[in-house]
Amino acid sequence: CSAILKVGSLGKTYTVPLKEGFNADTTYLKKLSLSDKIKPFIAVDATMNKNKNRWVYSFDGHQIKEELVVFSNFPLIYEKDMDHDGVNEILAKLKDDRPGRDPNKDTYERTYKWKGTKFYDSTDDWLKKIESNTPKPQPSSEDEF
């Protein structure tokens, strides 16, 4: 189904169409507070086919803006202060379906941090470190080519 996010402020109404694919039974709207120093966001969480999606919106009093879209195939999306700076990050747990991994056992998390004007994916450095420390699979001498 389709949906519209509607915000009323000071006698005016602001709307934005939400992405298609929502299921009314599994879509939730919530106030998302990352810190008492940061204005809260509007989060729309939808669970579809064992996946979870989150759309994060801001409202500045004049417009609704999509700030972040998060996906989890685990499915788990949550907030936690990972770097202990007093601001929660958004974490999305994912099954690791890269070659050589078992997606039923191997998982990792993507971390999204608010930097005052936008979210950024702070996972890239973490994944590069893991991948550079992980030995590349090598064919054994018994493998046929």
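The legends below describe close-up views of a predicted model.

**View 1. The open sheet E3-E4-E5-E6.** Four strands make up this sheet, which is open and is ordered E3-E4-E5-E6, with antiparallel pairing. Strand E3 (27–32) and strand E6 (64–72) stand at the edges with a single partner strand each, so one side of each is left without a neighbour in the sheet. From one strand to the next, the twist averages 20°. Strand E5 (residues 51–59) and E6 run antiparallel and are joined by 8 bridges; within this pairing, the bridge partner of Trp55 in E6 is Val69.

**View 2. The open sheet E7-E8-E9-E10.** A sheet of 4 strands, also described as open, has the order E7-E8-E9-E10, and its pairing is antiparallel. Its edge strands are strand E7 (76–80) and strand E10 (119–121), each of which pairs on one side only. The twist in this sheet averages 25° from one strand to the next. Strand E8 (residues 89–95) is joined by 6 bridges to strand E9 (residues 107–114), the two running antiparallel, and Lys93 has Glu109 in E9 as its bridge partner.

**View 3. Arg110 and its contact with Asp121.** Arg110 is found in strand E9, and its relative accessibility of 16% lies under the 20% limit, so Arg110 counts as buried. The side chain of Arg110 is joined to that of Asp121 by a polar contact of 2.6 Å.

**View 4. The salt bridge between Lys113 and Asp83.** In this salt bridge, the closest N and O atoms of Lys113 and Asp83 are 3.0 Å apart. The pair links distant parts of the chain, with Lys113 in strand E9 and Asp83 in the loop between E7 and E8, 30 residues apart. Lys113 is buried, at a relative accessible area of 9%, whereas Asp83, at 40% relative accessibility, counts as partly exposed.

View 5. The structure holds 8 salt bridges, and one of them is formed by the side chains of Arg54 and Asp45, at 2.7 Å from N to O. Both residues of this pair are buried, Arg54 with a relative accessible area of 1% and Asp45 with one of 7%. The side chains of Asp96 and Arg101 also meet in a salt bridge, at 3.7 Å from N to O; here Asp96 counts as buried at 2% relative accessibility, while Arg101 is partly exposed, with a relative accessible area of 29%. Salt bridges that share partners join Lys30, Asp45, Arg54 and Glu79 into one network.

Conventions
Residues numbered from 1 in each chain as written. Predicted model: local features only at pLDDT ≥ 70, side-chain atom pairs only at ≥ 80, totals over all residues. Heavy atoms only, no water. Pairing = 2+ DSSP bridges. Axes fitted to C-alpha atoms, helices over the stretch in contact; angles between N-to-C directions. Buried < 20%, exposed > 50% of the residue type's maximum accessible area, 1.4 Å probe, protein only. Polar contact = N/O pair within 3.5 Å; in protein donor to acceptor, adjacent residues only side chain to side chain. Salt bridge = Lys/Arg side-chain N within 4 Å of Asp/Glu carboxyl O.
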